[in-house]
Amino acid sequence: NFFSFVYGSLRPQGHQLPRTSEPHDQGRCSPVRDGQPAGLDASAERFTVIRQDTDDLMSWPAEVKALTLTEIAPKYPSRILEIPVRSGEAIKRGQVLVRLDDNDAKARLGQAKAALLSAEAQASRARADAHRIHNLFEKEAATHQDYDTAMAASKSGEALASEAREAVAQAEALQNEMFLRAPFDGFVVSR
């Protein structure tokens, strides 16, 4: 039996590999002709390795390399709570590889949400005051200065609420960074 599944390149070390004109013919390897993968030296050749029963035992020295190798690391320093995968395990894109301590991120998210509620309440009050002063100003029952002050307070309240919404979005993004996920399907090389 030959290899069952390989993504990568097979580089002969001093031996010529048998080639056939048709891919996968008689259990032999044939080169893939769509170009060299990035990161390999110019002497490397790509081959497709297939599984096929044969009575002939063929062997040659070779080196198998992955086409894509990625190291993952957290954006923010934190304590590792769990690594639910093992070396050699097959993983799917988006699968959690590492779970980090998210207590600080949860606290920041809670603070941001509380600040948002407060800012929205202040903005709502400022809007109501501005509407009231506007009506009084049209009836000549409020001064121009009162009108300007109320409008400025309303705009300031809206700006604070918008800033608080951005803080919540940032805190949610930080919360999501506490899980390191697989960027693509593959295998865990080391952990």
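Predicted model: local features only at pLDDT ≥ 70, side-chain atom pairs only at ≥ 80, totals over all residues.
Trainee: How many strands form the open sheet, and in what order?

Mentor: The open sheet is formed by three strands in the order 5-7-8, with antiparallel pairing. Strand 5 (80-82) and strand 8 (179-181) are the edge strands, since each of them pairs on one side only. From one strand to the next, the twist averages 35 degrees.

Trainee: Where is aspartate 101 found, and is that residue buried or exposed?

Mentor: Aspartate 101 is found in the loop between strand 7 and helix 1, and because its relative accessible area is 18%, under the 20% cut-off, the residue counts as buried. A polar atom of its side chain lies 3.2 Å from the backbone nitrogen of asparagine 103. If neighbours within four places in sequence are left aside, aspartate 101 is in contact with Ser78, Arg79, Leu81 and Met178.

Trainee: What span should helix 1 have for its 36 residues, and how far apart are its end C-alpha atoms?

Mentor: Helix 1 covers residues 103-138, and at 1.5 Å a residue it should span 52 Å; its end C-alpha atoms are 52 Å apart, so the two values agree. The buried residues of helix 1 include Leu109, Leu116 and Ile133, along with several alanines, among them Ala105 and Ala130, and the buried residues of this helix pack against helix 2 (144-176). Helix 1 is followed by glutamate 140, whose phi is positive, near 60 degrees.

Trainee: How many aromatic pairs does a search of the whole structure find?

Mentor: A pair of aromatic rings is described by two quantities, the distance of the centres and the angle of the planes. A search of the whole structure finds one such pair. The rings of phenylalanine 137 and tyrosine 147 have centres 4.8 Å apart and planes at 20 degrees, so this pair is stacked. The pair links distant parts of the chain, with phenylalanine 137 in helix 1 and tyrosine 147 in helix 2, ten residues apart.

Trainee: How does phenylalanine 137 count in terms of relative accessibility?

Mentor: Phenylalanine 137 counts as partly exposed, because its relative accessibility is 27%.

Notes:
Residues numbered from 1 in each chain as written. Heavy atoms only, no water. Helix = DSSP H or I, 4+ residues; strand = E, 2+ residues; numbered from the N terminus. Expected span 1.5 Å × (residues − 1). Buried < 20%, exposed > 50% of the residue type's maximum accessible area, 1.4 Å probe, protein only. Contact = heavy atoms within 4.5 Å. Phe/Tyr/Trp six-rings, centres within 6.5 Å; stacked < 30°, edge-to-face > 60°. Pairing = 2+ DSSP bridges. Axes fitted to C-alpha atoms, helices over the stretch in contact; angles between N-to-C directions. Polar contact = N/O pair within 3.5 Å; in protein donor to acceptor, adjacent residues only side chain to side chain.
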